[in-house]
Amino acid sequence: QVQLVESGGGLVQAGGSLRLSCAASGSIFSINRMDRMGWYRQAPGKQRELVATITSGGTTNYADSVRGRFTISGTNAKNTVFLQMNSLKPEDTAVYYCYAFRPAIPPYDYWGQGTQVTVSS
């Protein structure tokens with residue numbers, strides 16, 4: 001099993017910055033075979049949505065709403081992923097969830113507990 005633990009959420013004014021971190025722990029076998037990590041978010045009354053992902057090869061993908069403001073990065077050990085969030089807007093307010101994917105039969109999705117990000121206007 002793999003556990004994902006997020007940190008770095010909080011309250012910030014519009015235009016400010018926050019950096020989220022997510023650390024994976026547990027089965028080394030599973031962690032070494034994860035080929036994608038990323039972040040999703042869920043605002044009150046809305047569906048969970050993709051924010052950004054990064055593959056083990058370093059390929060990144062961003063939601064249109066955050067491209068150019070957020071940057072995702074990871075460590076070579078593949079067990080930590082970061083989300084640098086700049087120029088934050090009130091509409092970025094949400095619970096942010098760390099995510100990891102391990103291809104297998106069946107495939108495995110891992111989720112963190114979430115960290116609250118609140119942007120005040």
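The largest nonpolar core holds 31 residues, and Leu4, Trp39, Leu83, Met85 and Tyr96 touch the most other members. Strands 1 (2-7), 3 (18-26), 4 (36-42), 5 (49-55), 7 (70-74), 8 (80-85), 9 (94-102) and 11 (115-120) each supply at least two residues of this core. A nonpolar core is a set of buried Ala, Val, Leu, Ile, Met, Phe, Trp, Tyr and Cys residues joined through side-chain atoms within 4.5 Å. This is a predicted model: local features need pLDDT of at least 70, side-chain atom pairs count only at pLDDT 80 or more, and totals for chains, interfaces and linings use all residues. Residues are numbered from 1 along each chain as its sequence is written, and side-chain values use heavy atoms, with hydrogens and water left out.

**Core and burial**
- Beyond its neighbours within four places in sequence, Leu83 is in contact (heavy atoms within 4.5 Å) with residues including Leu18, Leu20, Trp39, Val51, Phe70, Ile72 and Tyr96.
- Of the 121 residues in the protein, 40% are buried, meaning under 20% relative accessible area with a 1.4 Å probe, protein chains only.

**Fold**
- The protein has 1 helix and 11 strands; these are DSSP runs, with helices (H or I) of at least four residues and strands (E) of at least two, numbered from the N terminus.
- Their order along the sequence is β-β-β-α-β-β-β-β-β-β-β-β.
- Among contacts between residues at least 6 apart in sequence, 53% join residues at least 24 apart.

**Dimensions**
- The C-alpha trace spans about 45 × 25 × 20 Å along its principal axes.

Technical notes
Buried < 20%, exposed > 50% of the residue type's maximum accessible area, 1.4 Å probe, protein only.
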